[in-house]
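My notes follow in the order I looked things up.

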Amino acid sequence: MTRKIGAKVVMPVSGEPIRNGVVTFDEAGRVTAVSGENGFDPACPGDVEVYDGVLTPGFVNTHSHLELAYMAGVLPPGTGLAGFIKRVMESKFTFPEEVQRKAIADADKHLWESGVQAVGDISNTTVSFETKKNSPIKYVTYAEIFDFMAGMSTEAAMQQGEEVVAQAERMGLEAYVTLHATYSVSDKLFGAWHEMKHTGCLSIHYRESLADDELFDRTGPFWDYFQEKGFELDFLNDGSSTNRILRHIPANRRVLLVHNSNVTASDIEQMKAKYERLSWALCPMSNLYIEGKLPPVELMSAYNLNLTIGTDSLSSNTDLSMVAEMRALAEGFNLPLPVVLRWATLNGAKALEMDREIGSFEVGKTPGAVLIEGLDEALRFTPTTSSRRLI
Ligand SMILES: [Zn+2]
């Protein structure tokens with residue numbers, strides 16, 4: 001059945017906001033028309049379903065770890081990244097698998113109902129695959145590997161990545177092998193990654209904490225932790241996180257840099273100069289949870305980057321809410337709704353190379369339809385702003 005959905009404001013994302021706009025969908029959820037201003041008469045809407053809120057396309061969450069959903073509330077905030085990683089490494093997989101599966105299914109359901117259309121999701125194992133396979137959400141899986149920090153040989157880490165991707169493919173999921181971070185992967189693995197199969201996209205945790213760059217000066221909390229564990233670091237001659245990526249990752253790969261909390265103008269310029277298919281994921285709520293700070297969004301905005309938004313996992317966030325992430329950015333940097341909404345929809349779709357199908361209200365796309373409620377008159381976020389899926 002065709003649905004005509006009208007709202008006080010429609011945000012097509014691909015164009016200007018439309019007052020009293022209407023978007024028409026066919027029975028498959030495909031957009032067949034987008035009206036101009038006053039596409040319906042509020043006094044007499046006829047066959048238009050009318051909502052008192054802002055109508056947007058479904059969100060794209062470019063960075064999550066569904067697998068860690070069972071860790072909601074387990075790890076305390078404010079530990080800094082090194083303290084956080086240490087706790088994750090120590091507490092992981094001590095929960096029964098059925099508890100993990102239930103938490104994953106609940107998180108997937110919550111993401112869908114709150115309006116998430118697609119997710120770039122990190123997996124270390126296959127425990128989330130059944131949920132992903134049966135979900136209406138489009139998942140791209142990044143099978144994440146790291147060697148020395150997991151006490152694994154490079155070969156074992158590579159084999160694990162290939163096996164996780166193979167299982168994803170058997171279940172019909174799009175998947176790539178990816179490297180966890182610049183500080184958790186040996187030189188050998190960083191150098192070998194691009195020769196593996198399924199490396200079309202690198203999604204890597206990047207400059208999340210100052211501790212990961214202090215390593216190169218043999219100081220800071222990561223250095224102390226690695227010393228305590230007796231891990232050998234063979235990559236310090238790379239000099240910085242940025243150099244590690246630039247030296248080892250070929251220019252023809254799609255790259256998604258996640259967190260970027262301490263990124264500098266020079267980092268941005270070098271990354272832009274090398275990678276054509278480059279996107280940046282901002283996870284502000286996770287950054288506030290772990291490190292108590294936000295990335296330099298004003299600086300990043302000045303560079304015409306493909307900025308996107310991720311919720312990260314429930315181990316470092318109190319909710320998987322794209323609205324909460326947009327609110328943190330809008331309030332932290334005085335940004336209007338259309339700017340952060342673009343990051344949360346169309347830019348995310350570009351990062352996952354799904355922008356021909358989703359991310360905006362354009363005729364022919366199947367982007368979903370989401371209602372954002374509880375904004376103020378000027379369309380600013382409030383403490384009660386929420387989102388729910390209509391299609
Ligand atoms: Zn992450």
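Which residues are buried in helix α7 (residues 220–229)? I found P221, F222 and W223 buried there. I call a residue buried if 20 or more other C-beta atoms lie within 10 Å of its own, exposed if 12 or fewer, and partly exposed in between, with C-beta atoms placed from the backbone. Helices (H or I, at least four residues) and strands (E, at least two) are DSSP runs, numbered from the N terminus. Just after α7, G230 has a positive phi of about 80°.

Two notes on the source. Residues are numbered from 1 along each chain as its sequence is written. The model is predicted, so I keep in mind that local features need pLDDT of at least 70 and side-chain atom pairs count only at pLDDT 80 or more, while totals for chains, interfaces and linings use all residues.

**Domains**

I looked up the domain assignment next. It gives domain 1 (3–56 + 377–389) and domain 2 (59–357); such bounds come from an automatic or database domain assignment. Taken over C-alpha atoms, the two domain centres are 33 Å apart. Twelve residues from domain 1 and 16 residues from domain 2 make the contact. Contact here means C-beta atoms, placed from the backbone, within 7 Å. On the domain 1 side, strand β14 (residues 386–389) gives the largest share, four residues. By class, that side has five nonpolar, five polar and two charged residues. Ala, Val, Leu, Ile, Met, Phe, Trp, Tyr, Cys and Pro count as nonpolar, Asp, Glu, Lys and Arg as charged, and the others, Gly among them, as polar.

I checked how strand β2 (residues 18–25) meets strand β3 (residues 31–34). They pair in the antiparallel sense over three bridges; pairing needs at least two bridges found by DSSP. V23 has V34 of β3 as its bridge partner. The two strands form a hairpin with five residues between them. In the turn, G29 has a positive phi of about 85°.

V13 has one, at about 75°. V13 sits in the loop between β1 (3–10) and β2, and is buried with 21 other C-beta atoms within 10 Å. N38 also has a positive phi, near 55°. N38 lies in the loop between β3 and β4 (48–56). With 13 C-beta neighbours inside 10 Å, N38 counts as partly exposed.

**Helix α2**

I compared span with length. The 17 residues of α2 (residues 97–113) should span 24 Å at 1.5 Å a residue, and the end C-alpha atoms are 24 Å apart, which agrees. The expected span is 1.5 Å times one less than the number of residues. Q100, A103, I104, A107, D108 and L111 are buried in α2. They fall within an arc of 135° seen down the axis, so they line one face of the helix. I take the arc from the directions from the helix axis to the C-beta atoms. E98, V99 and E113 are exposed on the other side. The cover over the buried residues includes β5 (59–64), β6 and α3.

**Helix α4**

Which residues of α4 are buried? I listed A157, M158, Q160, G161, V164, V165 and A168. Their arc is only 160° around the axis, which puts them on the same side of α4. The face turned away carries the exposed residues E155 and R170. The buried residues are covered by elements including β6 (116–123), α3 (129–134), β7 (138–145), β8 (174–179) and α5 (187–192). G172 follows α4, with a positive phi near 80°.

**Strand β8**

I went on to β8. Six of its six residues are buried, so β8 is largely enclosed by the rest of the structure. E174, Y176 and T178 point one way, and A175, V177 and L179 the other. β7 and β8 run parallel, joined by six bridges. T141 stands opposite A175 in β8.

**R244**

Is R244 buried or exposed? R244 is buried, with 23 other C-beta atoms within 10 Å. It lies in helix α8 (residues 241–248). Leaving out residues up to four places away in sequence, I found R244 touching T182, F190, F235 and D238. The C-alpha atoms of R244 and T182 are separated by 6.7 Å, although the two are 62 residues apart along the chain.

Notes. Two residues are in contact if their C-beta atoms, placed from the backbone, lie within 7 Å.
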